[in-house]
Amino acid sequence: MFEKLQAPPPDKILSLISAYAEDTRPNKIDLGVGVYRDETGATPVLETVREAERRLLATQKTKSYFGMGGDPAFCRAIVPLIFGTDAPSDRIRALQTPGGSGALSILMGFAAKLTKRIHIPDPSWGNHAAIAKHSRLEILRYPYFDAATSRVNFPAMKAALEKAEAGDLVLLHGCCHNPTGADLSREEWSELADLLIEKKLLALVDLAYQGFGDGLDEDAWAVRHLASRLPEMLVASSCSKNFGIYRDRTGAAFVLGKTSQEAAVAEAQVMMEARTGYSMPPDHGAAVVRIILEDEALYAAWRAELETMRSRIADLRRGLAESFRRRTNSAAYDFLMESRGMFSLIGVTEEQAKRLRSEFGIYLVDDGRINIAGLKEDQIDTFVEAVVTVKG
Ligand code: PLP
Ligand code: TYF
């Protein structure tokens, strides 16, 4: 039977990992997959994660099952991290998931029981549409990014969502938009909340880079603002980046209900999605996160490690923008300083991106997305020169 199958197109981001590994040029630069890298190019295990792992190894007494929602202590600890200490916590339910992807998957599967359509920003992380399609949701794209200014086109976004139908699902990036790095301002989030309420739209907020933009609490501002105003909402959060535990697959799915009872029923329905998808999430990463969040000193030390990652990216953004200024005598790349998180679109065509790879050994996604953390400080000018050369 398998002879009937055709190979699907490869994941454009993940396939860069092996392409880069196979490149033997010593001066190659990896700006592909979205993992944090330090100044040596490594993605190390955080010290606080190592310490939590030591404690886990020393104290864990059983590996018996938790339920489908994972470790209840993890779920308790993660709510204030995302929603803050003033959260309407009686109306919130949390489930531990296999990464942010697992959260998106069960939340979209859940939402598909209530609604038929999802609005996804153009552009967005490729897996958003892939998961939505798998959940049999009809995908509509709302304009988000203006390539001419390299900034959010909020009027166009609003105009498109004004036309959405009551009950439609709206996917939003909570911070550090992937792939553009362009986020809404607080005023725009507040206007968007008005629109979501007025049009009775269901927000699904994806928060995968909390702590990589302006700070842990600052980056959760949008989620918290929406939670303080919307009657119902869904949130998918990821611990992959901010705890650096990518392959341990740790994240959380949240439902905010109108009442505590409604939230509990919705949670039970979301759990059914976990049951048919993977039954229960893996424990290790969530146990590590729980240990860190429950221990005041470890929590403070983790925040400091996260701040080191955040400020390195901010420094690189500044360095890049300044280098482009010097090279082009223009402010055309100042957006790099204003956008947030690991990603920005550098404004090259697919052909130019491929030239950067073949001629300069610079690996970036075909849509022109760069992972800024992949740069070393002394590679900034080389990178800028290559971009200016291919753009002609
Ligand atoms: N959402 C966005 C926007 C992402 O870029 C990622 C990246 O990996 C995820 C969600 C999910 O991450 P993970 O499933 O590794 O936690
Ligand atoms: O956008 C990125 O690079 C990260 C990592 O199928 C990633 O979100 C990329 C593709 C994918 C899973 C994770």
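In which sense do S2 and S10 pair, and over how many bridges? S2 and S10 pair in the antiparallel sense over 6 bridges, where two strands count as paired if DSSP finds at least two bridges between them. The model is a predicted one, in which local features need pLDDT of at least 70 and side-chain atom pairs count only at pLDDT 80 or more, while totals for chains, interfaces and linings use all residues. Residues are numbered from 1 along each chain as its sequence is written, and chains are lettered from A and ligands numbered from 1 in the order in which they are written. The protein chain holds 15 helices and 13 strands, these being DSSP runs numbered from the N terminus (helices H or I, at least four residues; strands E, at least two).

**Overall dimensions**

- For 392 residues a compact globule would have a radius of gyration near 21 Å, and the protein chain agrees with this because its own value is 21 Å; the radius is taken over C-alpha atoms, and the globule rule is 2.2 Å times the number of residues to the power 0.38.
- The C-alpha trace of the protein chain spans about 60 × 55 × 55 Å along its principal axes.
- Buried residues account for 45% of the 392 residues in the protein chain, a residue being buried if 20 or more other C-beta atoms lie within 10 Å of its own, exposed if 12 or fewer, and partly exposed in between, with C-beta atoms placed from the backbone.
- Of the contacts in the protein chain between residues at least 6 apart in sequence, 74% join residues at least 24 apart, a contact meaning that the C-beta atoms, placed from the backbone, lie within 7 Å.

**The seven-stranded sheet**

- An open sheet of 7 strands runs in the order S2-S10-S9-S8-S7-S3-S4, with mixed pairing.
- Strand S2 (92-97) and strand S4 (138-143) stand at the edges with a single partner strand each, so one side of each has no neighbour in the sheet.
- Neighbouring strands of this sheet are turned by 20° against each other on average, direction ignored; axes are lines fitted to C-alpha atoms, for helices over the stretch in contact, and angles run from 0 to 180 degrees between N-to-C directions.
- Strand S7 (residues 169-173) and strand S8 (residues 202-207) pair in the parallel sense over 5 bridges, and valine 170 has alanine 203 in S8 as its bridge partner.
- Helix H3 (residues 72-83) packs on the sheet, where it touches S2, S8, strand S9 (233-238) and strand S10 (251-256), and its direction makes about 115° with that of S2.
- Helix H9 (residues 221-229) also packs on the sheet, touching S8, S9 and S10, and its direction makes about 155° with that of S8.

**Strand S10 and its partners**

- S9 and S10 run antiparallel and are joined by 6 bridges, with methionine 233 standing opposite leucine 256 in S10.

**Surroundings of ligand 1**

- The residues around ligand 1 are Gly34, Gly99, Gly100, Ser101, Trp125, Asn178, Asp206, Ala208, Ser238, Ser240, Tyr246 and Gly251, each counted as near if its C-beta atom, placed from the backbone, lies within 6 Å of the molecule.
- This shell divides into 3 nonpolar, 8 polar and 1 charged residues, where Ala, Val, Leu, Ile, Met, Phe, Trp, Tyr, Cys and Pro count as nonpolar, Asp, Glu, Lys and Arg as charged, and the others, Gly among them, as polar.
- Helix H4 (residues 99-111) gives the most to the shell around ligand 1, with 3 residues.

**Backbone details in loops**

- Most residues other than glycine have a negative phi, and most peptide bonds are trans.
- The peptide bond from aspartate 122 to proline 123 is cis, with omega near 5°, and proline 123 lies in the loop between strand S3 (117-122) and helix H5 (126-134).
- Asparagine 178 and proline 179 are likewise joined by a cis peptide bond, with omega about 20°, and proline 179 is found in the loop between S7 and helix H7 (186-199).
- Cysteine 176, in the loop between S7 and H7, has a positive phi of about 50° although it is not a glycine, and it is buried because 26 other C-beta atoms lie within 10 Å.
- Lysine 200, in the loop between H7 and S8, has a positive phi near 55°, and it is partly exposed, with 13 other C-beta atoms within 10 Å.

Definitions and conventions
Contact = placed C-beta atoms within 7 Å.
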